[in-house]
Amino acid sequence: MKKNVWLLRPLPHGNDCLNEFLEENFIAVGYPAGKSFSNLSYNVLRETLKNNNWEEGIGNVNILVNSMQIGDLVVVPSTNKKDVYIGEIKSDYVYSQDLDENREGTGYPHQRRVTWLFNKQALLRSDLPHELRSSLRYPGAVADLTKHYLLVEQLINGGIINNDSDLQQRAWKVIEDLLESDDENIRLHAATLIVNK
């Protein structure tokens with residue numbers, strides 16, 4: 001059976017839940033709607049979200065509820081922009097009714113149980129191969145990273161992943177830092193260098 005790899009940011013319902021994810025072995029998305037999303041078709045799920053003013057989250061919710069599978073891998077980047085955690089999904093969709101509230105500190109009832117790899121220790125984003133680091137720049141909450149499955153599998157199995165020379169690595173770091181510049185022309189030039197690699 002083919003496994004998938006997913007990006008999931010640890011910010012369900014605006015809460016930075018990374019520590020809770022790690023301590024309690026789960027991942028989650030927000031979108032409290034007062035009910036479980038088990039066995040809902042895409043259209044019913046979208047209508048349910050729309051009725052609760054969460055329609056923009058249909059892609060995130062549908063992936064967590066319907067697309068993720070037991071055995072898939074999940075890459076969770078920390079908000080510190082340095083650390084990355086990898087886990088393996090161990091459950092079907094789980095609904096946590098006590099977190100189904102639209103208020104600060106809660107609001108992320110839609111979950112999956114995971115086993116964190118590397119004994120819950122972070123990997124440094126800078127040690128990841130360039131292709132995977134680039135995909136982690138995707139701004140959304142959830143994304144399909146399956147095109148990087150072989151890289152992630154090598155990483156899990158202890159293979160040498162980042163085979164860029166030290167000089168190349170340092171050059172890419174400079175370019176990545178330029179993406180955060182206040183000067184629009186500098187950001188555009190850095191983005192062009194990355195896209196044209």
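Colleague: Which residues line the second largest pocket?

Modeller: This is a predicted model, in which local features need pLDDT of at least 70, side-chain atom pairs count only at pLDDT 80 or more, and totals for chains, interfaces and linings use all residues. Residues are numbered from 1 along each chain as its sequence is written, and side-chain values use heavy atoms, with hydrogens and water left out. A pocket is an open set of points on a 1 Å grid over the protein atoms alone where a 1.4 Å probe fits, with protein on both sides within 12 Å along at least five of seven lines; lining residues have an atom within 4 Å of a point. By that rule the lining is Arg9, Leu11, Pro12, His13, Gly14, Ala28, Val29, Gly30, Tyr31, Trp54, Asn60 and Ala141.

Colleague: What volume does the second largest pocket have?

Modeller: Grid points are joined across faces, edges and corners, and a volume is the space filled by probe spheres set on the points. For the second largest pocket this gives about 150 Å³.

Colleague: Which residues lie nearest the centre of the largest pocket?

Modeller: The largest pocket holds about 690 Å³ of space. Helix H6 (residues 166-178) gives the most to its lining, with five residues. The lining divides into nine nonpolar, four polar and 10 charged residues, where Asp, Glu, Lys and Arg count as charged, Ala, Val, Leu, Ile, Met, Phe, Trp, Tyr, Cys and Pro as nonpolar, and the others, Gly among them, as polar. Of the 23 lining residues, those nearest the centre are Lys81, Arg125, Arg137, Glu176 and Glu180.

Colleague: Which residue of E6 stands opposite Ala28?

Modeller: Two strands pair if DSSP finds at least two bridges between them. E2 and strand E6 (residues 110-116) pair in the antiparallel sense over four bridges. Within E6, Val29 stands opposite His110, and Ala28 stands opposite Gln111.

Colleague: Why is E6 described as largely enclosed?

Modeller: E6 also pairs with E4 in the antiparallel sense, over three bridges, and two bridges join strand E5 (residues 94-95) to E6, again antiparallel. E6 is largely enclosed by the rest of the structure because its buried residues number five of the seven.

Colleague: How many of the residues of H3 are buried?

Modeller: The buried residues, including Ile58, Asn60 and Leu64, pack against E1, E2, H2, E6 and strand E8 (142-144). H3 is mostly covered, and the count of buried residues among its 10 is seven.

Colleague: Is His189 buried or exposed?

Modeller: His189 lies in helix H7 (residues 184-195). Its relative accessible area is 51%, so His189 is exposed.

Methods: Buried means under 20% relative accessible area, exposed over 50%, partly exposed in between (1.4 Å probe, protein chains only). Contact means heavy atoms within 4.5 Å.
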